[in-house]
Every structure is written in C-alpha cells, then in structure tokens.
Amino acid sequence: MKSNNALAELPEVFADEDDATRGFIATWPNAEIRGADGRVVWTMAGYEFLQEDEPADTVHPGLWKQAQRNLQHGLFEVCPRIYQVRGFDLANMTVIEGDKGVIIIDPLTCAETAQAALKLYREQRGDRSVTAVIYSHSHADHFGGVRGVIDEEHAIRHNIPIIAPSGFLWHTVAENMIAGNAMSRRSQFQFGPTLPRGVCGQVDCGLGKNMPNGTITLIPPTRTIEKDRERHVIDGVEIVFALAPESEAPAEMYFFFPGLKALNLAELGQHTMHNLCPLRGAQVRDARLWSRYLDEALHEFAPHSDVVFAQHNWPTWAREKLSRFIAEQRDLYKYVHDQTVRLMNKGQTALEIAEELRLPAELAGVTHAQGYYGSLVHNVKAVVQLYLGWYDGNPSRLHTLPPVEAGSRYVAYMGGAEALLARASADFAAGEHRWVAEVMSHLVFADPANQAARQLCANALEQLGFAAESATWRNAYLLAARELRQGVPRAKRRSMSYDLLKAVPMEMFLDCLAIRLVAARAAGRTMQIAWHLHDAGEHWLLSLGNAALTYRRIDTANAGAAAADASIAVSRERLAQLLGHESGIAAAVASGLEQGDIKVRGNARCVAELMGMLDEFDPMFNVVEP
C-alpha cells in the first residue's frame, strides 16, 4: 500500500478540473477506434474504475486526479476557430479553421487515430478540407497519423504545405534508428501499454492515457521554419512560428495566433512536470533553454493571449491565469536546473541531490508542477548527466563490477541467499521497499532461478509502483514486477514505419550497418564496398578495418569503384525494404544476392561475408534479470 505521506503532500486545490472539461462538444463511446481489420487501435474502455471519487489505495492520490482529468475525451472548443480532439490518442490534435478549410497541428501517433479525430471534428463542424499540416516537433505522437488526415499525392497536387521546425526530418529518423531497439523496449516500461488497466495496473501516462496501437506514418515536410521567429499567413490565419530547439525535443517549435489571441506551447508547457530525460532514454534536454523559451513566450505572446494550450492535456484561459501558468512552468525548469547545478558545484552527486532536493513552497502547491509524467528525482539526475556525464567523481565507482558478478559477491558478503532473503523479508514488512528492491535485484542477477528472490523483488517493486506519483515510474515498477513473476514474453523482430524507413538518409543506413558489426567476426578483416543510391545520385564508400565500419561520400560512381572490392546499386525504395525486412538487414541483403534482385559488381563474396558479420537485435531483451 502507498504511504499516507502522499495524501499529506497533495496540492490542496485542483484548479484544473473545470479547464479539463471546458469547451466540450461531442465524443464517441469510449473513444473507441478500430483499424481496417477490425482490431481495436485505441479505446478508453477499461478505465471505468477512475470514475470513483476516492482514490484507490494502490494509486497515488495525485496521479489518480491526473488520470481522471486525462480521462476526458472528444472534441473541445479552445476559442472561436480553434478546436482540439483530446483523449483519442496520447497527444492532442489541434484543428484551426481557416478561410477555406482547416489547418491540422500534430496529427497524432497513427493514421487510425488521426483519421478518427478528423472524422469527429467533421461530424460536428462540417466536412472541411485540410489546407495545411503542421508538425510541432520530432516525436512520433505528433506526426505519425498524418496519412490519416491527408493524402500525400493530393497534398503535392494542390500545393498543401506540410510545415515542420528546422532539423525535423533528421531528428525524427535518427531517434528511431540508431538506438531505436533499446528505446522501444524501454518505452514499454515508461508507458505500460502491455499492463492491464486497473487499480493494480496501468492508470495513466501523465500526459495522456496510453499509446495507441496503429500505423505510424510520415509525409516529409515541404516547408521548414528556419528562423527564430517567422510570421506566415496560412489559409487566412496569421501564425507566428517560434523555434525552441533542444528543449522537449531536438527539433521543436510553438505558435502564436495574433488574430485569435491564442498561444500554443506545443510540448513546452503541460499540466505536469515533464522529462528532462525520459525513462525510455533520449538525449538530455536542456532545462535552462527550456525555461528561456517559456520566458520568451511569457513576455512576447502571453500579454496578447486569452488562452494558452498545448499538444497534451488541456488549455488555460484568462490572461492573468495563463501568464501565471507559463511563469510557474518556466520557474519549475529553471529551479530544477539552477538548484541541481548549485549542489553539483558543492560536490554532491546526482543521487545525493535527487534525495535532498524538493520543490519550493511556491511550486509544491501547484498542480501542474507535480511529477505526474517526469519526476524531480530523475530530472535532477538528467541535469547532472548533461553537465558531468555518468561518472560521479568517486574513483571507487569508476570501474564497478557488472550486475551478475556484483550480485554474486553482494549475496556472498551478506551471508548467502537464505540469510539475505530473511533480512529482506523483515525489511519488506517494515516498509523498506526501495532497499528491498535493490538488494533483491542483486540476488536475482546472482541467481535468476531463485523464485523466492524474484517474488520478493516483484512485491517490493509493486509497492513502489502503488506509491509513485509519476505515471511512468508506476508503469516501470509494475511491468518489472510482472516480468519477474511471469518472465519476458517473446516477440518477433521490431517493425518500423515504412514511411520512416523511406526517409532514412544513406549515411544513417550505413550507420545502421556499422552498429550491427560484431567485432569478433570482423577481426583481422579489411574490405571496401561502394554503395550507389542511383535514384538520388548519391555514392558512398563503406570501409571495414580495425573491426569498425566507416564511410564517406564520393563524387561519382566511378570515383570509388577502383578502390572498392565490390559495389552495390540500390534505389531508396529498396533501401527501405532492406531496413524493414522481417529477418533483418543482413538476411535481406543475403536473400537479395541469392535471388539476383540486388546487383553486385566485383567480388560478391565480400558483400556476403560482411552481411555475415552483422548482428540482429532482440526486441524483448531482458531488463530486470540477466
């Protein structure tokens, strides 16, 4: 059960309830959305338990309230001409009514949910055509449904702009390719999509309910915003685009609508503390810059706004109230940054700062500053990581033993498994769940077959999940507990959006080969292979040496041919097929060589040998056991 301290620390006033429901127009039963094959892609069914006023004992009361607010779904009016569909996906889809049609901001995660959101809007507001699509930033829940709202050929034929911030396409693809397999597995812990919904399971994600299970798509932008401020009139609507790179996403922007007196903060200002580094993993976000962008929005746009809204959660109305909201969000990230850096410069480590730091009284009582999605603890660690990296400065932790060997020695030092279990059981009964989870993890890594250790570790993690204010912490704890009890389900190779694969630049494709190279298989080998992307007119030379793959772009097809052992000519379409092959890149190339649909000049055996040196990644690798 959770500690009563959670109740005592809860902000007294939840001022957001009315804002979360304000402007409601219509919805569908349970917001249920099915794919073309009849499979449920999204539904709010299963969250009925949240209709109870009294929080369950197994859910932090603050998270319970946030989960209730995020339960609202349907079409909402933000202000005249601006509407949002909320609760049909993790993110919101914003619809701006122009002179001839509608401008879509962030078409959700997948085509099915975006199509449904647009259909709901049209049922209530008329069958208006899409005259522009805007991506606020480079995360999939803000662009992945684009083909559900517009056809690419139609957009090209009618010159319909697809607008994104500078660097959008590169960062969109990069995040999903280089570390994509690891991020995908860790995302399961962050969002909890495989957990059952209920008071002992998944209740929320802080920013919204959950992730949909649909078709992620992408239409590359036709126009990018390159300057800090750009003012454009799109379908009769004046929009000021404000870039905010290296904040919540590497490529991000927000928007001000002067004629509508409305400010859209994209994902810079939400009704929760956000992540400076999410549990799924990402490049650390700069809290100092994040705060600065909010300060600019506060002074440049808030004085002329009647409403501020974003691409998650709900809006805030009235100039004084919205200005206070932006100022508090600004000060939240600046406080976390500055106080962490202050204590860091006094010699404290990330662990020590995270244990000590608390929000100031002025923010501790503010609902939208609470850690329902991000958390103060892991945001502190992210700030330290940004400036100092992984090493805490103590040489005794410069080269620590890996988990299995360390676990075995911890268990031996503590008198063996039985003695450790006895002491940990007593500590569990005393409510020392953090400590029990830590020491039982050592025993699980020393002896993963020890069922008593697995169960006690799972029980401790479960209690930590029940007490967690952060939805992502809760999801992580509860999924870890389930995998300790039930094991890790097997899964086929991770699949990726074909649209994303088609957008992969050649250099990133070659990096995808390089990060799969098994050094032991490549020991002592050297070779060079020329790659010709004939429909793009690109030519690259891939070199193997010292168990590393490097590459460089060459001017012409002939420039590298003389030096290369072999050369391969492919189209961008074929490149995407190789990346997306269900058996992996190496198997796809090997199959292509056998069938003759990949043409090789020179020594074809070198290509086959290189493919044999590549690894493939298990999408369901172990996390809480060896």
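This is a predicted model: local features need pLDDT of at least 70, side-chain atom pairs count only at pLDDT 80 or more; totals for chains, interfaces and linings use all residues.
Is cysteine 79 buried or exposed, and what is its relative accessible area?

View A. Cysteine 79 is buried, and its relative accessible area is 11%. This value falls under the 20% limit, and cysteine 79 is therefore classed as buried. Cysteine 512 likewise counts as buried, at 1% relative accessibility. The number of disulfides in the structure is 0.

**View B. Serine 136 and its place in the fold.** Serine 136 lies in the loop that runs between strand S8 (130–134) and helix H5 (152–157). With a relative accessible area of 0%, serine 136 is buried. The side chain of serine 136 forms a polar contact of 2.7 Å with the side chain of aspartate 106.

**View C. Surroundings of serine 136.** When neighbours within four places in sequence are set aside, the residues in contact with serine 136 include Asp106, His142 and Pro165. Further along the chain, Ala251, Glu252, Met253, Phe255, Ala266 and Gln311 are also among the contacts of serine 136.

**View D. The largest nonpolar core.** This core comprises 87 residues. Those with the most contacts inside it are Val133, Tyr135, Ile150, Phe509, Leu513, Trp531 and Leu610. Another core lies apart from it and has 46 residues, including Ala242, Ala297, Val366 and Leu376. In soluble globular proteins, nonpolar side chains tend to be buried together.

**View E. Contacts of isoleucine 150.** Beyond its neighbours within four places in sequence, isoleucine 150 is in contact with Val130, Val133, Ala155, Ile160 and Ile219. Both isoleucine 150 and Val133 belong to the residues with the most contacts inside the largest nonpolar core.

Note on methods. Residues are numbered from 1 along each chain as its sequence is written. Side-chain values use heavy atoms; hydrogens and water are left out. Helices (H or I, at least four residues) and strands (E, at least two) are DSSP runs, numbered from the N terminus. Buried means under 20% relative accessible area, exposed over 50%, partly exposed in between (1.4 Å probe, protein chains only). A polar contact is a pair of N or O atoms within 3.5 Å; within protein, one must be able to donate a hydrogen and the other to accept it, and residues adjacent in sequence count only if both atoms are side-chain atoms. Contact means heavy atoms within 4.5 Å. A nonpolar core is a set of buried Ala, Val, Leu, Ile, Met, Phe, Trp, Tyr and Cys residues joined through side-chain atoms within 4.5 Å. A disulfide is a pair of cysteine sulfur atoms within 2.5 Å.
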